[in-house]
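Please read this briefing alongside the sequence and the 3D view.

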Amino acid sequence: MLKKKKEVSMQEHFNEINGLLNQLKSCGVKISDMDIIVYILMSLPPEYDSTKSAIENQPSEHVSLQFVVSRLLDAEVLLKERRMSEKKSPRSELSNDVAFPTNQRTVVCFKCNKKGHIARFRDKTVVCHHCGKLGHKKRNCRYLTRKKPPFKEEEADAISFVVGGGEVMKFIVDSGATYHMCS
């Protein structure tokens, strides 16, 4: 099977395929456009994988030989431009080419101007409903999140009550607990 080489242009590759097709047609072989498209796509190197998948995902009524040829020529131009831009500005291993570079040492707090952290709450109009201080909400209150003393059984009181009037034949017991051993 004919494979496209990197040093061969896409137009030269199409010319090679057309030469093979003309030889087959002269022998009396009938080849559909879809077979030619499949052969062209299979002959492409891995750098054209995204273009191949884009063409393969098109509805079959939109895919023609002319459509595939024009898309592959466009893809070749884009790949050449990408190679040229990479040659002009090569990436080094130490380069920080990322979308949103962050470094914890360079982040500066707007409150204290120290490096390594940022202030969580910027709105000084927010009032905590637990301690009453400005600048944080109850869910982030440091006084609420402190460790509570362990539960002591001696401090717990037992409470029970009965509601109803007259003669009661049935009793319903509710422990008042939110977590039961049975559930």
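The chain has a mean pLDDT of 76, and 60% of its residues reach 70 or more. Here pLDDT is the predictor's confidence in each residue, from 0 to 100. This is a predicted model: local features need pLDDT of at least 70, side-chain atom pairs count only at pLDDT 80 or more, and totals for chains, interfaces and linings use all residues. Residues are numbered from 1 along each chain as its sequence is written, and side-chain values use heavy atoms, with hydrogens and water left out.

**Confidence**

- Among the elements of the chain, α1 has the highest mean pLDDT, at 90.
- Helix α4 has the lowest among these elements, at 87.
- Where pLDDT is low, the predicted coordinates should not be read in detail.

**Helix α4**

- Helices are DSSP runs (H or I, at least four residues), numbered from the N terminus.
- Helix α4 covers residues 65-88, which is 24 residues.
- The expected span of a helix is 1.5 Å times one less than its number of residues.
- The buried residues of α4 are F67, V68, V69, L72, A75, E76 and L79.
- Buried means under 20% relative accessible area, exposed means over 50%, and partly exposed lies in between (1.4 Å probe, protein chains only).
- The cover over these α4 residues includes α1 (10-26), α2 (33-42) and α3 (49-56).
- Contact, the basis for cover, means heavy atoms within 4.5 Å.

- Helix α2 buries I36, I37, I40 and L41.
- These residues span an arc of only 130° around the axis, so they sit on the same side of α2.
- The arc is that of the directions from the helix axis to the C-beta atoms.
- Cover for the buried residues of α2 includes α1, α3 and α4.
- In α3, the buried residues are T51, K52 and I55.
- Their arc is only 100° around the axis, which puts them on the same side of α3.
- Both α2 and α4 are among what covers the buried residues of α3.

- A search of the whole structure finds 4 salt bridges.
- A salt bridge is a side-chain nitrogen of Lys or Arg within 4 Å of a carboxyl oxygen of Asp or Glu.
- One of them pairs E47 with R83, with the closest N and O atoms 2.9 Å apart.
- This pair links distant parts of the chain, 36 residues apart: E47 lies in the loop between α2 and α3, and R83 lies in helix α4.
- E47 counts as partly exposed because its relative accessibility is 25%.
- R83 also counts as partly exposed, at 33% relative accessibility.

**Salt bridges within a helix**

- K52 pairs with D49, and their closest N and O atoms are 3.6 Å apart.
- Both K52 and D49 lie in helix α3, 3 residues apart, about one turn of the helix.
- K52 has 16% relative accessibility, so K52 counts as buried.
- R71 is partly exposed at 38% relative accessibility, and D74 is partly exposed at 42%.

Notes:
Helix = DSSP H or I, 4+ residues; strand = E, 2+ residues; numbered from the N terminus.
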